[in-house]
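Visitor: Please take me through one part of this model in close detail. I would like to look at the places where the chains meet.

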Amino acid sequence: MANAPRPMFDTETLVINMGPQHPSTHGVLRVVLRLDGERVVDCDVVIGYLHRGIEKLSENRDYTQIVLLTDRMDYVAAATNNLGYCETVEKLMGLEVPRRAKYIRTILAELQRIASHNVWLGTHAMDIGAVTVFLYNIRERELILDLFEEYCGARLTYNSMRVGGLPLDIPAGWDRKVREFCRIQEEKLVDYELLLTHNRIWLERTRNVGVISGPDAIAIGLSGPPLRGSGVARDVRKDEPYAAYDELEFDVPVGATGDTYDRYLVRLEEFRQSIRIIRQALDGLPEGPIVGKVPRLIKPPAGETYHAIESPKGELGYFIASDGKSTSPYRFRVRPPSFCNLQALRQLVRGHLVADVVALIGSIDVVLGEVDR
Amino acid sequence: MPDEPRPTPPAAARPVEKKIEAPSGPPDPPPPADLAPPAFVTAAQAALGGAITQLSYWVGDWTILTTPARLLDLARVLRDDPACRFDFCSDVTASDWPARESRFDVIYCLYSTRRRHRVRVKVRAADGEPVPSVSGVWPAANWLEREVWDMFGVNVVNHPDRRRILMPDDWQGHPQRKDYPLEGPGELLLEDPLEWLRLRNAQSTAEIE
Amino acid sequence: MLQAYVPVLLFILIAIGFAVVTLLLAGFVRPGKYGKVKLEPYECGIEPLTDARDRYSIRYYLVAMLFVIFDVETVFMFPWAVIMDRLLVFGLVEMLIFLFILIVGYFYAWRKGALEWA
Amino acid sequence: MASGRLTKAAHGAAREGAARGDGAPPATEPGSGAEPRLNMIDIVIIPLLKIVIVFVAVLFGVAYLVLLERKVQAWVQVRLGPMRVGPHGVLQPIADALKLFVKEDITPARADKWVYTLAPMISLVPALIVFAVIPFGGTAHLFGKTVPLFVADVNVGLLYIVSVASIGVYGLILAGYASNSKYPLLSSLRASAQLISYEVAVTMTLVSLILMAGTLSMVGIVEAQRQAGLWYVFAQPLAFFIFLAGGLAETNRAPFDLPEAEQELVGGFHTEYSGMRFAFFFLAEYANMIVVSSVATTLFFGGWLAPFPNVHALAFLGLVPGWIWFLLKVFCFLYLFLWIRATLPRYRYDQLMRLGWKVLIPLAIANVIVTGAVKVLL
C-alpha cells in the first residue's frame, strides 16, 4: 500500500498510557502505547490492577467456599467458573454427578455464554462507535439475569453450583421461560446483524484488523473464539467433553482469516449454537436427583489434576493440588482464558492505529477480574 | 527500629503456619501396571528416556517429571515429535512445598490441538535454582512464566521479559509461597525489611502530601 | 453596500460579549478548591511520563500543507464561479487549465504517498 | 492579559461599528430622502432586535438540541432518555446549563492558561456568528413594516460562512495544545487534519453551487432556486452528498466523530475541560450542527421556500410561513444527524482521511468541471 519512502516521515514517538482509567479497556487494563502519529509502534500490556489474590485466598478456604470466590473472576460469566471448579474437584475426588445435574449445568453454562457474548458484542460495538447495539445487548442480557435470579436468587455472582451437583433444582416453569428467552434472543440476533454484519464502516473497521494465523494463534496460547476465528476448530466442549456436551449436538464455527471480523462472526454463530444446545438440553432434561453421593466433608485424596472447560472467553482451566489432609486445596490455580488471550494483544496491535487497539481489546474479550484474579 | 510502628501484624499464629510443617509434595503415583502408556509417552521415552525421571498417572492425567536441565530437550520433543505434537501450552504454574529441599514444582500443562491429548510436565526446583524458560518453545509461556516468577520467585532464566506481572514492580517477596502470610508481607519474610519499611513510609508520606 | 455588514459586526460583538461575560460570571459562582492531584493532566490515572508537547508525526504537517494549497486554490474559484455567466467558454477553458494544474499536483501528492495516512 | 487585549479589541470594534452606524445615514440621505431617524431604526435597532432574537433562539435551540439528541438516541435504543427534570425531561437542558455554570473549572497545572481559556471561545464564537447571514425566512410584515427574516444579507454570504466556520478549528487545535496532555493533543491533531481535509471537499462542492446560482449571497441562492423552480439537491445530488459527508465530518459528528471519540481518546480535545469552558465546546458542537443543517437547507433545499410550488393540489403548503418551512427542514437534517449517530460505527482515522482526500475531493473537482461545462454549453 504505502509506497512512500518511509524513513522520510519518521519522527519521534509518543508514549501514551491507555488505561487503567480508560473507557475502552474493559476494566483496569493498562496498555502503554508507543505511537508514531497514530500508528502503534509497540505496546506493553500492564495488568494486575485488579489482583485480589484469589488463588492464595482459595488455599485458605474450604472447598465449598471456593465456589463463591470463583464467581469473582470472570464476573460476566460466573456460572461457567463455578462449573469448571466443581468439575475439577469432582475429577479429583472421583465423584459421579447425576445426569440431571449435568444437564442443568449445561443449560446454565450456555445461558452464561450467551450473557457473556451479549456483553462482549455490546462493548465491542461500542468501542468501534456503534452505541445502540450495546443497549440492545444489555436488554437481552437482562433477561438472562432474570432467569438466573429466579434460579438462584443472584444476578451477577451466582454461587450456582456445588461439588457433586447443584444446590437447587430448577423452579417450576423455569424451562418454559428459558425457551421463551431463546426465542427472543434468536429474533434479536437478526437486529444485531442488521446493524453490523454488512455495515460498510463495521467491515472496514474489523476486516484485516489484527490478523493472526492459526499456527500463530496456537503458539501464543489463544483459545476460545479468538482461536476459532483463526480457523482452528478447537473447542473443549467437543474435544474433551464435560457436563452433558457429549450427548448434545452442536457445531464449532471457525473463521477463515483470523481478523477481528472473523472473531465477531464466530461469536455471533456461537449465540445460535448455544441456543441450540439449550433447547436440546431442555428437551432431553432427565429426571432424577441433582446431587450425587458427596461426602459430608470434602477432602480429596492427595494428588493433583488439571481440568479445562470452555468458558465464553476460551479455555478455563483449574489446577488443584490436594495434600489429602486438609479441607482446603494445597494449591489452587486458575488458567484464566482472558489472561492468555490478552498476551496476544501486543502481537495483534503492532502496526495498527490507536482506534484499532480499542477494537482489538474488544475482539479478544477480556475480563480483568479474570486476568488478574 | 523498635519505636517504629509495625507495618503489619507478625506472621506468627496464622493458619498458614500449620501448612508449612505439612506435606512434602504430591504423591505423583506411578501408573498402574496394567495400564499401557499412551503413544506420546512412549515416544518421548524413546526420544530421550534419560530425561524423564518419573512417570505418573492420577485421575486420568499423565504427568512426566523431568529435571530443569533437561526440560528444554523434553519440551522440544513434546512439541515436535509426530506422536506428541503438543503445540498448545495451556498453563504454566508452580506449587510450593517448603518442606522439601527442592521446594517448587513447576508444572507445564500441555495440549495438542492436532492429536487432542493432554500431558503435564513437572520440574522440581530449589529456591533460586535456574529453570530454563520454555517461552522459546511455546510463546504462550511468556506471561505464564512471568506469573510463576512473580508469585513464587522461581528463577526462570533466559526469559525474554522477566518482570513482575500481577504485583507492582517494586514489590518485595513472592506472595504465593506458603511462608508468605495471607494478610500481606510481615517484616520477617522480607528480603530487606528496613529497606521495605523506608520505601513504604516514604510512599505514605508522599501520598499524604 | 457596507451597511449590510453592520448587523454582522454587531452579531460578532454580541457573540464575543456573550462568551466573555458568561465566563466571567461563572467565575463568581463556581467553587475553586485546588489540589495538586486535581491539576494533573489526564492520562488514564497514570502520572504522565513525558511531556505532551513533543515533536509529533510529520504527516500532520503534510495535511496542513496540502490543505493550504487546495483550499486557497478553491477560494480562487469562488469569484470565477460567480461571474461564470459572463465569462462562458473563455472562463471554462481558463478554469480547466487552472484545475488541470491542481489535479497534476494532486496526483503528484498521491503518487508520492502524501495521501497515505498512518 | 490576553483577555484584556481581547476586550480592548472588542471595544475598538464596537466603537468602529457605532461610528459606521452613525456615519451611514448621511451616506444614504441623498438617495432615500427619508428622515435619518428611520434609517437609524433600520440599520441599528431592527438588526439589533433581530440579532438578539436569533442569538437567544440559537442558544435555546442548541440547548434543546442536546435534549433532542438524548431523546432520539434513547428512542432508537428502546429507552426513555431524560425523564426526571420536568415533564419528560424538558427542563433537562436548563439543569445542565446551570450545573455547568456553577461547576468548578479546572486548568491543568502544566497548561498554557490563556490559550486554554481562549480556545473554547474561539470554538464557540464562530459557530454562533455564522447565523448572522443565514436567511431564516423571506420577509415578514410586522407593525406595518416589511422586515426581512435574516440578520444580514451580505453579498459574500457563502464566503463568510466558509471562512468563519474554518476559524472554529483553531479552537480545537489550541485546546489540545494548551491542555498539555496527550489525549487532547492527539485529538486536536486528528481534529485539525480531519476538519481541514473535509473543508477542501466542501468548499469545492460550494463552487459548483455558486456556478448554478451565480451569487454568493445566501438570500440570492434561495431566490435563484425559486426562479429556477428547482431545489439544488435535485440538480446537484452529488454535491449534496459530498456536502453532507463533509458537514458530518466538520461538525465532528458520527461516523466522523474521531476527534472526540470517547472510546479511544476519552473525549478528545476537551478531556481536560470542565465547567463553563467545557460547556462552550459543547455549545459550539451543537451550534455547528445547526449551522451545517441551516446551510444545507439553504443551499440544497430551497431555504424557506415551500415544497411543490407548481402542484396545484398542494398549493396550501405555500400558506405556511417560510420560516416554519426553514425550521422544519433544519429539523429534518438534525434528526438525520442524530439518527446516523445512533446507528453507525465510527470510521478510523486513515479511512476517514482516505475518504476525504481520495474520494470526496476528486468527486468534488469532477463535479465542478461537469457543472461548469454544462452551464457553458447549455
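**Where the chains meet**

Guide: Over all chains, the structure holds 67 salt bridges. This is a predicted model, so every value here is computed from predicted atoms. Start with chains B and A.

The count of salt bridges between chain B and chain A is ten. One of them joins the side chains of B:D61 and A:K91, at 2.8 Å from N to O. Polar contacts link 29 residue pairs between chain B and chain A, counting pairs with both residues at pLDDT 80 or more. On the chain B side, four elements each supply at least two of the residues that touch chain A: β3 (88–96), β4 (104–111), β5 (118–125) and α4 (141–152). Of the elements of chain B, β3(B) gives the most to this side, with nine residues. By class, the side of chain B that touches chain A splits into 28 nonpolar, six polar and 14 charged residues.

Now the extent of that contact. Chain B brings 48 residues to it and chain A brings 49. About 4200 Å² is buried between chain B and chain A, and carbon and sulfur atoms give 55% of that area. In chain B, the residues that lose the most area to chain A are B:F88, B:W143 and B:L166. Together these three make up 17% of what that side buries.

Next, chains C and D. Here 71 residues of chain C are in contact with 92 residues of chain D. The area buried between chain C and chain D is about 7400 Å². Carbon and sulfur atoms give 78% of it. Across the interface of chain C and chain D there are zero salt bridges. One residue pair is in polar contact there, with both residues at pLDDT 80 or more. On the chain C side, α1 (5–29), α2 (58–82) and α3 (84–112) each supply at least two residues that touch chain D. The largest share comes from α1(C), with 20 residues. By class, the side of chain C that touches chain D has 56 nonpolar, five polar and ten charged residues.

Stay with chain D for two of its helices. Helix α13 of chain D covers residues 349–377, which is 29 residues. From first C-alpha to last, α13(D) reaches 41 Å, close to the 42 Å expected at 1.5 Å a residue. α13(D) also bends, by about 30°, at D:L360. A proline, D:P362, follows within four residues of that bend.

Helix α5 of chain D runs over residues 157–179 and has 23 residues. Its span from first C-alpha to last is 34 Å, close to the expected 33 Å. After α5(D) comes D:N180, with a positive phi near 55°.

Last, a salt bridge inside one chain. A:R113 forms a salt bridge with A:E110, and the closest N and O atoms are 3.2 Å apart. Both residues lie in helix α4 of chain A, residues 99–127. A:R113 and A:E110 sit three residues apart, about one turn of the helix. An α-helix has 3.6 residues a turn, so residues three or four places apart point the same way.

Note on methods
Residues numbered from 1 in each chain as written. Chains lettered and ligands numbered in written order. Predicted model: local features only at pLDDT ≥ 70, side-chain atom pairs only at ≥ 80, totals over all residues. Heavy atoms only, no water. Expected span 1.5 Å × (residues − 1). Bend = angle between axes of the 7 residues up to and from the residue. Contact = heavy atoms within 4.5 Å. Buried area = accessible area lost by both parts, 1.4 Å probe. Salt bridge = Lys/Arg side-chain N within 4 Å of Asp/Glu carboxyl O. Polar contact = N/O pair within 3.5 Å; in protein donor to acceptor, adjacent residues only side chain to side chain. Nonpolar A, V, L, I, M, F, W, Y, C, P; charged D, E, K, R; others polar.
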